[in-house]
Amino acid sequence: MPSSINHIIGGKDVAFAEYPHMAKIVYDVEDMVCGGTLIDKRFVLTAAHCIITRDTEPIKVILGVTDFNDTEQWEGRLEIDIKATYVPQNYSSFSHYFDIGLIELASDADFSVKVYPTCLHTDPTDLPENTEIIVTGWGRTESNSLSKHLKAAKMNLIPLPECNAKLEYYVGRRLRHGIDETQLCALAPGKDACWGDSGGPLQIIKDKAYNNYRVVGVVSFGVDCGKNVPGIYMRVPKFLDFIERIVWPEG
């Protein structure tokens, strides 16, 4: 069975403020970790299973930190309490579908070079085959420990038919009709998202000089980190109605 775990395997440390939209979600217990994407001064995009959790709850979001071992970065962090959370009506913790969610912050995020929202990819059609896509997170690495330094890994999109073929032995009650059009599959040799990266972004580069990206997916789940099995992401363009209704209700 697939499990709702994801972390960066085979990733590289990123430069400070290279991904200023990255958010780390903090819980009332230490052993729960998820990532997120700042998309507005008051909202962070993440996975539903990072919000609807057993025996724990998200309490705050940390922005503006790339390396949690860097004292200067830590002292200059932006730490904001969570006001409310939202998931699609169709989401169930017993399923891997509709695994996307929003965190509403208790106060506005102050934008700076290290804290800045990124835009959503809105085109529902498939990306060109050779599009460079990147997953980022502080999740578990090859050393089997959570990373203190934000890592990034370049991935390759896998067409749904090929993805379903690779996952056919893992389809079960949480994935009753296989991978569908609301999901994306990505794979790269020796690279993957893993435990602790859930909720983080799968993104394309819009303008690298300005650290400008577009979020195309949200880390949802994987079968076995770093193996020859695609990781599964929620396809952001398929959830624009849900996102816009909450984040930008006035259009």
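C163 has 0% relative accessibility and therefore counts as buried, a term that denotes under 20% relative accessible area, with exposed meaning over 50% and partly exposed in between (1.4 Å probe, protein chains only). Its disulfide partner C185 is likewise buried, with a relative accessible area of 1%.

The model is predicted: local features need pLDDT of at least 70, side-chain atom pairs count only at pLDDT 80 or more, and totals for chains, interfaces and linings use all residues. Residues are numbered from 1 along each chain as its sequence is written, and side-chain values use heavy atoms, with hydrogens and water left out.

A disulfide is a covalent bond between the sulfur atoms of two cysteines. It is assigned here to a pair of cysteine sulfur atoms within 2.5 Å, and by this rule the count comes to two.

| Disulfide | S-S distance | S-S torsion |
|---|---|---|
| C34 and C50 | 2.0 Å | about -75° |
| C163 and C185 | 2.0 Å | about -80° |

The torsion of about -80° makes the disulfide of C163 and C185 left-handed. Because C163 lies in helix α2 (residues 160-166) and C185 in strand β12 (residues 183-187), this pair ties together parts 22 residues apart in sequence. Helices (H or I, at least four residues) and strands (E, at least two) are DSSP runs, numbered from the N terminus.

The disulfide of C34 and C50 is also left-handed, given its torsion of about -75°. This pair links distant parts of the chain, 16 residues apart: C34 belongs to strand β4 (residues 34-40), whereas C50 sits in the loop between β5 (43-46) and β6 (58-63). Both C34 and C50 are buried.

C119, by contrast, is partly exposed, with a relative accessible area of 41%.
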